[in-house]
Amino acid sequence: MRSMRTACILCRSGPPIENSHVIPKFVIRRLKAGNPLGTLVFSNETNRVAQDGWKGDYLCNDCEQEFSKLETWFCKEVYDPFFKSGSLNVAYKEELGLFAASVAFRYIQLAIDLNPTKPLAIGLAQMFENLRTSLLSKRFSDIWSHLYIEFLFPIKSQGK
C-alpha cells in the first residue's frame with residue numbers, strides 16, 4: 001500500500017521508508033512456513049494469496065531501527081523460546097509492553113488507512129497519539145490506553 005506519506009508516523013520528521021511491516025517479519029515467516037504453498041491468506045480476501053504481510057510507508061529509517069530492536073528482543077526472549085519448548089515464563093517488563101504497543105500503533109495506522117471514509121472510533125485518535133508519544137519516550141508506563149494490549153496480562157479461565 002503506497003500512501004505517499006511525507007513524514008514518519010512516529011517521529012513525524014524523517015521521511016518514511018517504503019514497506020514498513022505492520023506485523024514483524026519473523027511472524028510472517030512462521031505463518032508462511034505453516035502453509036504448504038509458502039504463502040499467506042488474509043481472512044478478508046480468502047481467494048487471494050500473498051507473499052508478505054501488511055506493509056505501509058509508516059516509519060523513517062531511525063524509527064524502523066528502534067522497532068526492530070524491540071522485535072529482535074521479543075523474538076529471542078519470547079517467540080522462539082515458546083515455539084521451542086511449548087511453554088513460557090515471561091517477565092512483564094518494559095520491552096514486552098513497548099513491543100506490543102509498537103504493533104498496536106502500526107495496526108491502528110493500517111486500519112485508518114484501509115478505511116479512509118469511516119469515521120474514527122471515539123478515543124482512537126487519542127489512543128494513537130498516546131501510543132506515539134509513549135513509544136517516542138520509550139516508557140511503557142506512560143501508556144494509558146491499555147485496552148488494545150490487555151493480552152499482556154494473565155487471564156484466568158472460568159472453564160468456558
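# Helix packing and the nonpolar core

Arg29 counts as exposed because its relative accessibility is 51%, where exposed means over 50% relative accessible area, buried means under 20% and partly exposed lies in between, computed with a 1.4 Å probe on protein chains only. The place of Arg29 is in helix 1, and its C-alpha lies 9.3 Å from that of Thr39, a residue 10 places away in sequence.

The model is a predicted one, in which local features need pLDDT of at least 70 and side-chain atom pairs count only at pLDDT 80 or more, whereas totals for chains, interfaces and linings use all residues. Residues are numbered from 1 along each chain as its sequence is written, and side-chain values use heavy atoms, with hydrogens and water left out.

The protein chain contains four helices and four strands, these being DSSP runs numbered from the N terminus, with helices taken as H or I runs of at least four residues and strands as E runs of at least two. Along the sequence these elements follow the pattern β-α-β-β-β-α-α-α. Of the 160 residues in the protein chain, 38% are buried. Where contacts join residues at least 6 apart in sequence, 67% of them link residues at least 24 apart, a contact being heavy atoms within 4.5 Å.

The packing of the helices can be followed pair by pair. Helix 1 and helix 2 pack at an angle of about 30 degrees, with 10 Å between their axes; axes here are lines fitted to C-alpha atoms, for helices over the stretch in contact, and angles run from 0 to 180 degrees between N-to-C directions. Helix 1 and helix 2 are therefore roughly parallel to each other, since angles under 35 degrees count as roughly parallel, those over 145 as roughly antiparallel, those from 65 to 115 as roughly perpendicular, and the rest as oblique. In this pair, Phe26, Val27 and Arg30 of helix 1 meet Glu71, Phe74, Cys75, Tyr79 and Phe83 of helix 2. By class, the residues of this contact are six nonpolar, no polar and two charged, where Ala, Val, Leu, Ile, Met, Phe, Trp, Tyr, Cys and Pro count as nonpolar, Asp, Glu, Lys and Arg as charged, and the others, Gly among them, as polar.

Helix 2 (residues 61–85) also packs against helix 3 (residues 94–114), at an angle of about 125 degrees and with the axes 9 Å apart, which means that helix 2 is oblique to helix 3. On the helix 2 side the contact is made by Phe67, Leu70, Glu71, Trp73, Phe74 and Val78, and on the helix 3 side by Glu95, Leu96, Leu98, Phe99, Ser102, Phe105 and Arg106. Nine of the residues in the contact of helix 2 with helix 3 are nonpolar, one is polar and three are charged.

Arg106 counts as buried because its relative accessibility is 0%. Leaving out residues up to four places away in sequence, Arg106 touches His21, Val22, Tyr58, Leu59, Phe67 and Glu71.

Helix 3 and helix 4 pack at about 140 degrees, with their axes 10 Å apart, and are therefore oblique to each other. Here Leu98, Ala101, Ser102, Ala104, Phe105, Ile108, Gln109 and Ile112 of helix 3 meet Leu124, Phe128, Leu131, Arg132, Ser134 and Leu135 of helix 4. The contact of helix 3 with helix 4 has 10 nonpolar, three polar and one charged residues.

In soluble globular proteins, nonpolar side chains tend to be buried together. In this model the largest nonpolar core has 32 residues, and those with the most contacts inside it are Leu10, Leu59, Phe74 and Phe105; such a core is a set of buried Ala, Val, Leu, Ile, Met, Phe, Trp, Tyr and Cys residues joined through side-chain atoms within 4.5 Å. The elements giving two or more residues to this core are helix 1 (25–33), helix 2, helix 3 and helix 4 (124–137), and helix 3 gives the most, with nine residues. Apart from neighbours within four places in sequence, Leu10 is in contact with Leu59, Cys63, Phe67, Phe105, Arg132, Leu135 and Leu136.

Two residues remain to be mentioned for their backbone. Most residues other than glycine have a negative phi. Arg12, in the segment before strand 1 (20–21), has a positive phi near 60 degrees, and Lys138, in the segment after helix 4, likewise has a positive phi near 60 degrees. Arg12 counts as partly exposed because its relative accessibility is 46%, and Lys138 counts as partly exposed at 46%.
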